[in-house]
Amino acid sequence: MAVDIQIVDDAALEAEVNGNWTPQEKALHEARLKAKAKRRVRKSSSRSESLSESLSGELADGDSYSSKGKVPVPNDRKSRTGKGRGLPKKGGAGGKGVWGAAGMVYEVEEPDVKDPNYDEVAQGDTVYATVVPEVDERELEKTVNPIVREYFEHGDTKEVQMLLKELNLGHHKYEFSSLAVSLSLEGKASHRELTSRLLRDLVGKVLSESDMARAFDKILKELPDLMLDTPEAPQMLGQFIARAIADHALPMAFLDRYKGKVDCDHARAALDRAAVLLSMKREMVRLDNVWGVGGGLRPVKHLVKEMNFLLKEYLVSGEVKEAERCLRDLEVPHFHHELVYEAVVMVLESKGDTAVKMCKLLQAFWKIGLITVDQMNRGFQRVYDELPEINLDVPHAHSIMESFTDLCYQESVITKQLRDSCPSRGRKRFVSEGDGGLIKN
């Protein structure tokens with residue numbers, strides 16, 4: 001009713017103000033007024049309907065939740081934004097204190113150590129294990145090479161076993177043997193001897209015979225590439241195979257598998273070399289001397305004998321290069337003081353130009369660095385300490401020693417301090433020299 005009154009007032013006002021309008025303007029103005037009145041009627045009717053619905057809902061169950069701006073009703077799961085179809089959020093499966101939707105089955109959940117309610121005692125027996133990731137094939141060589149090179153220095157196979165057990169080589173563990181053999185082919189005879197011992201000690205503890213066979217299969221395939229750095233690789237590999245079979249690191253049937261099936265000439269040469277060595281040493285349990293006895297593995301008596309023979313051969317031939325080669329082949333740089341000792345003793349016990357030749361030899365070894373300052377000083381000091389005993393067999397040992405040290409000092413073989421530390425024998429004077437019957441030192 002109030003709306004109709006408002007419309008009539010507006011129409012009267014417009015008639016008073018615009019009494020001079022044309023018919024067209026007047027019709028347009030009346031249409032606008034009617035449209036405005038219809039909008040007002042629709043807006044007021046929608047508000048009255050929503051208000052009546054909310055009031056009727058509150059009176060019915062008291063659980064309803066209103067739209068935006070009204071006080072929320074507790075435990076109501078309907079959307080608070082007034083949007084949507086009015087269904088519960090998350091299908092009724094969400095919210096605090098809710099276990100989930102109806103009919104949902106939960107699996108057994110493993111206890112979480114980080115859970116504040118976690119009780120270690122209530123979990124029973126717990127097993128803790130350290131998981132070592134498997135070494136990647138690309139990183140295998142970088143991991144293995146330092147272990148092998150360090151083994152060449154200390155020669156302790158047990159330490160290598162311990163290091164390999166700490167690594168997780170996985171199905172690439174057989175490649176350790178092939179890498180060790182490849183490195184030893186580029187090294188010395190003593191390195192190859194150490195590698196053969198390592199392969200023998202690893203079988204049954206870290207590697208199996210099948211792993212060792214796979215390693216030698218791989219080396220036979222790579223033999224042409226190995227020959228680029230080591231031309232004697234086929235013969236050396238044959239010795240490795242023979243030694244491994246004799247040490248029970250390789251099965252006896254390893255050679256039989258390749259009979260008539262080898263196309264590479266280098267691989268055939270290696271296998272033939274192994275077969276020949278095994279046929280020659282059939283009565284021996286192991287081919288222990290296949291690499292010779294090298295380095296610090298030799299007995300001291302044997303090294304002393306070799307150095308004596310080296311010096312005697314030099315005195316006859318006078319070839320410094322040959323003496324140098326023989327000394328290097330012994331591979332005992334820590335024992336070169338023995339050569340100095342034997343050379344000086346040989347000078348004391350010999351005659352002629354022995355002192356000059358030995359001084360020349362020591363000077364050559366000194367210049368090329370084959371004999372260090374420490375080894376030179378140690379060799380001369382050993383002679384100084386034993387000079388009283390040597391003097392029993394060589395009466396003029398003190399005078400010969402003094403002249404030889406002067407010669408070595410002039411040729412820059414020894415230092416001035418070492419020359420001055422040479423012991424000198426005091427001379428005794430007797431009654432015939434007019435000392436009144438007293439003996440003086």
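Does His248 count as buried or exposed, and at what relative accessibility?

Reply: Happy to. This is a predicted model, so please keep in mind that local features need a pLDDT of at least 70 and side-chain atom pairs count only at pLDDT 80 or more, while totals for chains, interfaces and linings use all residues. Residues are numbered from 1 along each chain as its sequence is written, and side-chain values use heavy atoms, leaving out hydrogens and water.

His248 counts as exposed, at 53% relative accessibility. His248 sits in the loop between α9 (233-246) and α10 (265-280). Helices are DSSP runs of H or I with at least four residues, strands are runs of E with at least two, and both are numbered from the N terminus. The backbone of His248 has a positive phi of about 65°, although this residue is not a glycine. Ser412, another non-glycine residue, has a positive phi of about 60°, and Ser412 is also found in a loop, the one between α16 (397-410) and α17.

Now for what lies around His248. Leaving aside residues up to four places away in sequence, His248 touches Val203 and Glu209, where contact means heavy atoms within 4.5 Å. Leu199 is 49 residues from His248 in sequence, and their C-alpha atoms are 9.8 Å apart in space. Helix α6 (189-202) and helix α7 (209-221) are among the elements that cover the buried residues of helix α5, and so is α9. Helix α5 (residues 175-185) is largely enclosed by the rest of the structure, because eleven of its eleven residues are buried. Among those buried residues are Glu175, Phe176, Leu179, Val181 and Leu185.

Charges come next. A salt bridge here is a side-chain nitrogen of Lys or Arg within 4 Å of a carboxyl oxygen of Asp or Glu, and by this rule the count is 15. In general, side chains of opposite charge can pair when their charged atoms come close. Glu193, Arg197, Arg243 and Asp247 are linked in a network of salt bridges. Arg200 and Asp201 pair as well, with 3.2 Å from N to O; Asp201 is buried at 19% relative accessible area, whereas Arg200 is partly exposed at 21%.

Asp136 and Arg138 meet at 2.9 Å, N to O, with Asp136 partly exposed at 34% and Arg138 exposed at 72%. Lys416 and Asp420 form a salt bridge at 3.0 Å, N to O. These two are four residues apart in helix α17 (residues 416-420), which means that about one helical turn separates them. Lys416 is partly exposed at 44%, and Asp420 is partly exposed at 45%.

Some charged residues gather in surface patches instead. A patch is made of residues with over 30% relative accessible area and no salt bridge, with like charges joined within 9 Å and nonpolar side chains (Val, Leu, Ile, Met, Phe, Trp, Tyr) within 5 Å. Lys and Arg count as positive and Asp and Glu as negative, with His and the chain ends not counted. Each charge is placed at NZ of Lys, CZ of Arg, CG of Asp or CD of Glu. Lys34, Lys36, Lys38, Arg39, Arg40 and Arg42 form a positive patch; of these, Arg42 lies in helix α2 (residues 23-60) and is exposed at 54%. A negative patch is formed by Glu109, Glu110, Asp112 and Asp115. Glu109 lies in the loop between α2 and α3 and is exposed at 74%.

Finally, the background. The protein has 17 helices and zero strands, and 33% of its 441 residues are buried. Its accessible surface comes to about 29300 Å², of which 53% belongs to carbon and sulfur atoms; such areas come from the Shrake-Rupley method with a 1.4 Å probe, and for residues only the protein chains shown count as cover. Of the contacts between residues at least 6 apart in sequence, 66% join residues at least 24 apart.

Terms used. Buried means under 20% relative accessible area, exposed over 50%, partly exposed in between (1.4 Å probe, protein chains only).
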